[in-house]
Amino acid sequence: MSATSLDPSPDVVVVGAGVAGLTVAHALARAGRRVVVLESSDEVGGLLRRGDLDGLAIDIGAESFATRTTGVADLIADAELAIEVVPPMPGGAHLAAMADADVVRAPLPTRTVLGIPADPLAADVVRILGPEAAARVAAERELPATGDGAEPSLADLVAERCGPELVSRLVDPLCRSVYSQPAAALRLSRVQPALWQEFQRSGSLIAAADAVASASRTGSAVAGLAGGMWRLPVALRAAAEASGATVRTGVAVRTVRAGATGVTVESTAGRFTARAVVVATGTRAAAAVLAESGETAADDPRTDTTLDAAALGAPAPGATTLDAARAERVRVVAALVRSRALDEHPVGSGVIVAPDVPSRAKALTHANAKWPWLGDALGHRHPHHHVVRMSARDGSAPGLETPADLAREIALLTGIPLTTADVVATASAVYDDAVAAPPVTPERRGELAHLGIHLAGASVAGTGLASVVPHARDLAAMLLASLSADTVTATAAAVNTVMHTATTGSSA
């Protein structure tokens, strides 16, 4: 790609063409700003990726989004994207756990938040925890409020107040499935702010869950897109380009450096100097781009900036267990499976896998049992066929490669016997930078923003599109206001210079 085909001095360069970067780019371009988006991979979308199973387009990345905010629906409406938001089918998911050396499967309880039940003595909770553990959880309401010290991990908080059984049977499996991290690596205030705020108010996790939980099954407070989530970044790219943005894939960004004349981006497509840069990548990529800044042309060291891996939460020498968890590789495998027994949707929309189950997967989604549009597509083309997705427990370990591997794991988790011949087609994807690390400190982010370097995406907004999209839209609005203010200031300065020259009779 030739650098001459791109504007070398746009208003804004966006690094990364995931949903966050494309959201910012679309908003800026629609407002008349010159925007260049640089994406290192060959396609846009980030964690929203299309897979193919025997000609059937499916999601091989994220396949739903939380509906705790209206961010995604608002974006689709505001950008006038030809995309339909759809709810999942009401079947709900199951939990697979060990009991007496056998795998047992039970529907996940209704009215829970992150596995914390609003009614610990409900039959569906007792079935999973057992009566003694459920009684302990119910007694949590009577405990005194937690002190004002540093917030513990979600695992420690729940274990201290509700007992270890709730962590191991519900909270930890759900965290590993939804956030690709163990509960020991998460903070409640980050992954479920509403629950944390209610806990701070009431002093009880159970009371907080009772106030926040919906009446539907765990995992159903989500929505998807007809045809697949991968359609969102594709449509958003088209809308951004129609508004004047330039989006280029296959371009790696090496460094981002703030200097006296703007922010310089060095890339495989050349050098760009912009009034602002938005880094909308994963945590590792952001750390790599910003940690290698060179010397600035200005003498004032405050006009140059670097951002090291530790500041972004990436693993560093001597990293803790929490840091190591953030570096986990995420691997998704999908299979087109032929089975009449799966027509009955025996585990509803899928299975959350407890750590004691000898499976290489941490979660299984029976995709066409979850999404009506996919069921319709299969019914027309592949009777008695099913799309099953699995998330690897260890993204770097073998065991989910061959049809035999997949048949064995699906049979283990669903209870439906399968053979290698039943696995018709497969697809997979690996994500090395998918786990969102905690954001930079407010002080550091303010320092970067002052220099014209801004961060977007899950590393700063929190996991999931429900957090990422509103943050990106707010950032775009702030940038538009800032760029407009800079334009007014520059225009006023130019007018004052002209007037001064005319008055004094001086010449250049």
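The following dialogue reads the packing of a predicted protein model.

Trainee: How many helices and strands does the protein have, and what share of its residues counts as buried?

Mentor: This predicted model contains 18 helices and 22 strands. Of its 508 residues, 50% count as buried. The accessible surface comes to about 21500 Å², and carbon and sulfur atoms account for 54% of that surface.

Trainee: What share of the contacts joins residues 24 or more positions apart?

Mentor: Among contacts with a separation of 6 or more, 72% are between residues 24 or more positions apart.

Trainee: Where does Val256 sit, and is Val256 buried or exposed?

Mentor: Val256 belongs to strand S13, residues 253–259. Its relative accessible area is 0% and buried means under 20%, so Val256 is buried.

Trainee: Which residues touch the most other members in the largest nonpolar core?

Mentor: That core has 43 residues, and those touching the most other members are Val14, Val24, Val35, Leu81, Leu232, Val278 and Leu465. Several helices and strands supply at least two residues each, including strand S1 (12–15), helix H1 (19–30), strand S2 (35–38), helix H10 (231–242) and helix H18 (465–504). The most comes from H18, which gives 8 residues.

Trainee: Which residues is Val14 in contact with, leaving aside its neighbours within four places in sequence?

Mentor: Val14 is in contact with Gly21, Val24, Ala25, Val35, Val36, Val37, Leu38 and Val278.

Trainee: What describes two packed helices?

Mentor: The description rests on the angle between the two axes and the distance between those axes. For H1 and H10, the axes come within 9 Å and cross at roughly 25°. Angles under 35 degrees count as roughly parallel, and these two helices are therefore roughly parallel to each other. Their crossing is left-handed.

Trainee: Which residues of H1 and H10 meet?

Mentor: From H1 come Val19, Leu22, Thr23, His26 and Ala29. They meet Leu232, Pro233, Leu236, Arg237, Ala239 and Ala240 in H10.

Trainee: At what angle do the axes of H5 and H6 cross?

Mentor: The axes of helix H5 (residues 154–162) and helix H6 (residues 164–179) cross at roughly 150° and come within 8 Å. An angle over 145 degrees counts as roughly antiparallel, which is why H5 is described as roughly antiparallel to H6. The crossing is right-handed. In H5, Leu154, Ala155, Val158, Ala159 and Cys162 meet Pro164, Leu166, Val167, Val171 and Cys175 in H6.

Key. Residues numbered from 1 in each chain as written. Predicted model: local features only at pLDDT ≥ 70, side-chain atom pairs only at ≥ 80, totals over all residues. Heavy atoms only, no water. Helix = DSSP H or I, 4+ residues; strand = E, 2+ residues; numbered from the N terminus. Buried < 20%, exposed > 50% of the residue type's maximum accessible area, 1.4 Å probe, protein only. Contact = heavy atoms within 4.5 Å. Areas by Shrake-Rupley, 256 points an atom, 1.4 Å probe, with all protein chains shown as cover. Core = buried A, V, L, I, M, F, W, Y, C linked by side-chain atoms within 4.5 Å. Axes fitted to C-alpha atoms, helices over the stretch in contact; angles between N-to-C directions. Parallel < 35°, antiparallel > 145°, perpendicular 65-115°, else oblique. Left-handed = near helix turned anticlockwise from the far one by under 90°.
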